[in-house]
Amino acid sequence: MATLAVDKQRAFELDDISTNEVPAIATDIIYNGAAVGESSSTGTGRPLVAGDNFLGFCIERCDNSAGAASAKNIKVRDKGVVKLSVTGVSSTAQVGDTVYASDDDTFTTASTSNSAVGKIIRWITGTTCLVAFEATYKRSI
C-alpha cells in the first residue's frame, strides 16, 4: 500500500472522543484519516512511517507543504475506536491481537519494524475490524 495522497474518511465509534494537536513536520501534507507518527529526529508529527511512535489519526488535513517544522499543528484523534482493514485478520480468532501500522494507511498484525496502534476489539468481515487505538503518549506506563 502507499501513503495517503488525498483525505480519507475513517469511521470512528463515538464512545470516547479524545483529541490533541501536535506540531507538523516541515514541508509535508498530513491528510485527514492518516495515521500520524512522531519523527524521531525532529519530534514533530508526520504521515506515519514504520517504527514511529503513534500519535493518533489526523482529523483535519494539515498542509504544511510550504512551512517550517512546527509552523502548523496537526489535529489528531488520539484515543478511540476506528474501523480499519487489517492485513492478517480473517476471523474472530484475532480479537485481542495488536494492530501495527507500516505507513499512514497500511495496517497489519505483523509487528516487524512497524508501529503499534491498538488492539482488535471486533471482527466484522474479511480483513475489516474495529480497533481500539491509543497514542503512544497516552498509554499507561
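Author: A contact means that heavy atoms lie within 4.5 Å. The model is predicted. Among contacts in the protein between residues at least 6 apart in sequence, 60% join residues at least 24 apart.

Reader: What makes the radius of gyration agree with that of a compact globule?

Author: The rule for a globule is 2.2 Å times the number of residues to the power 0.38. For 141 residues this gives a value near 14 Å, and the protein has 14 Å, so the two agree. The C-alpha atoms fill a box of roughly 45 × 35 × 30 Å along the principal axes.

Reader: Which secondary structure elements does the protein contain?

Author: There are 0 helices and 11 strands. From the N terminus on, the order of elements is β-β-β-β-β-β-β-β-β-β-β.

Reader: Why is Phe54 called buried?

Author: Buried means under 20% relative accessible area. Phe54 has 1% relative accessibility, and therefore counts as buried. The relative accessible area of Phe57 is 0%, so Phe57 is buried. Buried residues make up 42% of the 141 residues in the protein.

Reader: How many aromatic pairs are found in the whole structure, and why is the pair of Phe54 and Phe57 called edge-to-face?

Author: The search finds 6 aromatic pairs. In one of them, Phe54 and Phe57 have their ring centres 5.5 Å apart and 75° between the planes. Rings pair if their centres lie within 6.5 Å, and planes over 60 degrees apart count as edge-to-face; therefore the pair of Phe54 and Phe57 is edge-to-face.

Reader: Why is the pair of Phe57 and Phe107 called tilted?

Author: The ring centres of Phe57 and Phe107 are 6.0 Å apart and the planes are at 50°. Stacked requires planes under 30 degrees apart and edge-to-face over 60, so a pair at 50° is tilted. This pair links distant parts of the chain, with Phe57 in strand β5 (residues 53-60) and Phe107 in strand β9 (residues 106-108), 50 residues apart. Phe107 has a relative accessible area of 3%, so Phe107 is buried. Ring pairs link Phe12, Phe54, Phe57, Phe107 and Phe133 into a cluster.

Reader: How do you know that Asn114 is buried, and where does Asn114 lie?

Author: Asn114 lies in the loop between β9 and β10 (115-125). The relative accessibility of Asn114 is 18%, and the limit for buried is under 20%, so Asn114 counts as buried. Not counting residues up to four places away in sequence, Asn114 touches Ala50, Gly51, Tyr100, Ala101, Ser102 and Thr108.

Reader: Why is Thr27 called exposed, whereas Ser70 is called partly exposed?

Author: Exposed means over 50% relative accessible area, and partly exposed lies between that limit and the 20% below which a residue is buried. Thr27 has 54%, so Thr27 is exposed. Ser70 has 43%, and is therefore partly exposed. Thr27 lies in the loop between β1 (18-23) and β2 (28-30), and Ser70 in the loop between β6 (62-64) and β7 (73-87).

Reader: What makes the phi of Thr27 and of Ser70 worth a remark?

Author: Most residues other than glycine have a negative phi. Thr27 is not a glycine, yet has a positive phi of about 45°. Ser70, also not a glycine, has a positive phi of about 70°.

Technical notes: Residues are numbered from 1 along each chain as its sequence is written. This is a predicted model: local features need pLDDT of at least 70, side-chain atom pairs count only at pLDDT 80 or more; totals for chains, interfaces and linings use all residues. Side-chain values use heavy atoms; hydrogens and water are left out. Helices (H or I, at least four residues) and strands (E, at least two) are DSSP runs, numbered from the N terminus. Buried means under 20% relative accessible area, exposed over 50%, partly exposed in between (1.4 Å probe, protein chains only).
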